[in-house]
Amino acid sequence: LLPPPVLADAVAKVSGVPEKLGSLPPGTTAVSLGDSRVLSEALDLLGRCPRDAECSTNTAASGSLPLTLHTINGPWLNAKITGPGGRLERLLDSNFDDVAIMSELYSVAFSRRPTPVELGHWQTRLAAVAAEDRAVAMQDFLWALLNSAEFCCNH
C-alpha cells in the first residue's frame, strides 16, 4: 500500500480537491511536510507516523488493503469526490460525454486509458442510470477507481 502522505496526495490530485494541511497554503502536499504536528484529517485517518515514534517502516503496509479502504471510505473520501470545484464537478459541468470523463479519470488515477473491457463495463453500468442520476453514478465510478487495488498500491 502507498504510504499515508502519498495516498493523501494521490487522492487530492485525482479528485482535484486539495488536502487541507493545518494553516499551510492550499496545494501544499502531504509528502512535503516536515512536521508531523501539522493538522491533517487525511493523514490521521490513513495512519501517519506519530512524532514520537520510529517511522523507518511503511506505516500503510502494516494494515491490509480492506482495512485501509474501510478507514478512508467515510466522509473524507466522499468530500474529495463530491467537492465543489473538484475534478469530477468540472468534468460534468463541461458537458463531456461519459467516455471522455471516464478516460480523463483513468488517465489521472492510473496514468493510462481504460481498456476496452473496462470501458465497456462502465458504459453498460452508466447507460442503465437515469439522466438525472448521472452525477451520482459518476461519483460512484470515481469512488470505485479510488478504492481499487491498482490505485492504492500502484499509483
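Tutor: Start inside. This is a predicted model. Its largest nonpolar core has 36 residues.

Student: Which residues have the most contacts inside that core?
Tutor: Those are L88, L105, M138, F141 and F151.

Student: Which elements give two or more residues to it?
Tutor: They are α1 (4-15), α2 (41-46), α4 (75-82), α5 (87-93), α6 (98-110), α7 (116-127), α8 (134-146) and α9 (149-154).

Student: And which gives the most?
Tutor: α6 does, with 7 residues.

Student: Back to L105. What is it in contact with, leaving aside neighbours within four places in sequence?
Tutor: R87, L88, L91, F141, L142 and L145.

Student: New topic. How many helices and strands are there in the protein?
Tutor: 9 helices and 0 strands.

Student: How much of the protein is buried?
Tutor: Of its 155 residues, 38% count as buried.

Student: What about the accessible surface?
Tutor: About 8,400 Å². Carbon and sulfur atoms hold 57% of that.

Student: How many disulfides are there?
Tutor: The count is 0. Take C152: the nearest cysteine sulfur belongs to C153, 6.2 Å away.

Student: Last one. What share of the contacts with a separation of 6 or more comes from residues 24 or more positions apart?
Tutor: They account for 62%.

How values were computed
Residues are numbered from 1 along each chain as its sequence is written. This is a predicted model: local features need pLDDT of at least 70, side-chain atom pairs count only at pLDDT 80 or more; totals for chains, interfaces and linings use all residues. Side-chain values use heavy atoms; hydrogens and water are left out. Helices (H or I, at least four residues) and strands (E, at least two) are DSSP runs, numbered from the N terminus. Buried means under 20% relative accessible area, exposed over 50%, partly exposed in between (1.4 Å probe, protein chains only). Contact means heavy atoms within 4.5 Å. Accessible areas come from the Shrake-Rupley method with a 1.4 Å probe; for residues, only the protein chains shown count as cover. A nonpolar core is a set of buried Ala, Val, Leu, Ile, Met, Phe, Trp, Tyr and Cys residues joined through side-chain atoms within 4.5 Å. A disulfide is a pair of cysteine sulfur atoms within 2.5 Å.
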